[in-house]
Amino acid sequence: MQKVDFYQKSHLSETIMKGDTIMNTTNQTEQELMNYISAHKILNTHSHHLPEQTMADFNLNKLIGNSYLQWQQVTPGTTAESRSVFLEKMRYRSFFVWLQKAIQELYGISDPITPQNWDQISDLIHKAHQDPSFYTEVLKNKCKYQKIIVDTYWNPGTNNGKPELFTPSFRLDLFFLGYKKGLRNHDGVSLEEQFGELPDNLNDYIEWIRKWILKKKSEGCVALKVAIAYERSLHFEKVTPKQAERVFCLKESDITPEDIRCFQDYLFWKICEIAAEVSLPLQCHTGMGQIINTDILQLNNVIRNNPETKFVLLHCGFPWMDDILSMVDGYPNVYPDLTWDPLLSYTASNRVLHQLIELAQIDKICWGCDTWTVEESYGSLLAFRFSLCRVLSEKIADGYLSLSNAKDIIDKILFENATNLYF
């Protein structure tokens with residue numbers, strides 16, 4: 001089977017130009033940009049890559065089950081009929097489109113996935129993952145990742161046993177459960193099982209968290225991560241220690257939602273303070289999550305009052321992406337990160353990237369794949385290459401940028417900005 005060059009089969013600019021000469025020049029510019037982007041080294045700022053050994057028995061079904069397609073609550077099953085239904089429902093979803101493009105390139109497949117070739121493709125995936133070098137080959141040589149900042153939420157602050165490739169962030173969500181023993185987060189992970197016995201008063205609890213942060217930093221963590229938007233709103237009031245302390249003074253049965261909110265609000269502000277004190281960027285999941293009050297503007301008060309904290313706003317608040325534009329112009333401590341966005345919707349990614357180039361400091365924009373598997377990571381990268389190339393091509397065609405300007409932006413977004421922020 002012949003490998004497919006996705007870019008060669010794509011028309012990145014469909015703008016109607018006047019005259020063949022201008023059209024040819026535009027196509028040549030796009031091709032030069034795509035070649036430059038595709039050959040560029042990358043610092044991937046956010047991922048959830050599974051350890052290599054967990055992928056050893058992967059096939060197409062397991063790959064889909066460890067991708068964003070599993071969020072859609074439609075499974076392919078094992079029969080031609082069930083796979084046909086799955087493809088009918090999912091084929092045009094962005095998650096599927098880019099995963100399929102990655103599979104086609106990585107496994108040399110020219111045809112789309114069908115019920116008829118499903119098992120053949122599944123066997124190719126399974127065989128590839130028997131090769132110990134495949135995992136690293138894709139991430140380092142095909143994707144050209146120099147480093148991947150990994151959020152191993154199932155074991156926070158670890159590097160998958162591959163420090164030469166993965167650098168951890170330290171996810172802090174579990175600590176927001178410290179108001180009651182025995183709780184697990186939405187991923188089923190327990191605070192006590194990960195970090196031990198809980199302190200029984202607020203001051204000791206905050207110091208306990210600080211010690212864990214310092215420990216994880218000493219072990220190589222380069223960022224803190226909070227994804228609590230999956231659990232609650234991103235509106236954090238400035239509450240008093242007395243208000244936050246109540247959860248430690250009450251019987252578990254007497255703790256109210258308001259007590260929990262005060263405890264968590266206080267904790268988030270303290271985390272922001274600690275992040276500045278220990279010089280670690282704070283990655284915040286924004287946008288999609290529990291949906292209600294998870295837009296970026298909910299963080300306005302915290303960001304404004306913690307000017308020394310570097311807030312990395314993951315996903316740029318998708319789908320409420322206009323909000324970040326009001327932040328980047330006024331707050332020098334805000335770092336827009338396009339992680340996940342092109343994989344969700346490259347049209348949304350295009351729009352916000354156009355605007356960020358015009359409004360933000362160009363040395364603050366970053367990108368990460370935000371995926372679990374090498375195949376979906378490559379698909380996420382294909383989506384971002386496509387988005388970045390199209391935006392820069394349009395900016396050049398409009399006369400806003402020169403080709404040299406565009407390459408400078410590529411250098412910064414793909415590698416330099418993240419290097420300066422995290423290393």
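Predicted model: local features only at pLDDT ≥ 70, side-chain atom pairs only at ≥ 80, totals over all residues.
Modeller: Let's start with a definition: on a 1 Å grid over the protein atoms alone, a cavity is a set of points where a 1.4 Å probe fits but cannot get out. Residues are numbered from 1 along each chain as its sequence is written, and side-chain values use heavy atoms, with hydrogens and water left out.

Biologist: Which residues line the largest cavity?

Modeller: A lining residue has an atom within 4 Å of a cavity point. Here the lining is made by Val328, Tyr331, Pro332, Val334, Pro336, Ala360, Gln361 and Lys364. Sorted by type (Ala, Val, Leu, Ile, Met, Phe, Trp, Tyr, Cys and Pro are nonpolar; Asp, Glu, Lys and Arg are charged; the others, Gly among them, are polar), they give six nonpolar, one polar and one charged.

Biologist: And which residues line the second largest cavity?

Modeller: Look for Tyr153, Pro156, Arg171, Asp173, Leu174 and Asn185. That lining has three nonpolar residues, one polar and two charged.

Biologist: Let's turn to the backbone. Which residues does a cis peptide bond join?

Modeller: Phe318 and Pro319, with omega of about 5°. Pro319 sits in the loop between strand β6 (311-314) and helix α12 (322-328).

Biologist: What is phi of Lys144 near?

Modeller: Phi of Lys144 is near 65°, a positive value in a residue other than glycine. You will find Lys144 in the loop between α6 (134-142) and β2 (145-150). Ile291 also has a positive phi, near 80°, and its loop runs between β5 (282-285) and α11 (300-304).

Biologist: Why does Ile291 count as partly exposed?

Modeller: Buried means under 20% relative accessible area, exposed over 50%, and partly exposed in between, with a 1.4 Å probe and protein chains only. Ile291 counts as partly exposed because its relative accessibility is 43%. Lys144 is partly exposed too, with a relative accessible area of 25%.

Terms used: Helix = DSSP H or I, 4+ residues; strand = E, 2+ residues; numbered from the N terminus. 1 Å grid on protein atoms, 1.4 Å probe; cavity = no way out; pocket = protein on both sides within 12 Å on 5 of 7 lines; lining within 4 Å.
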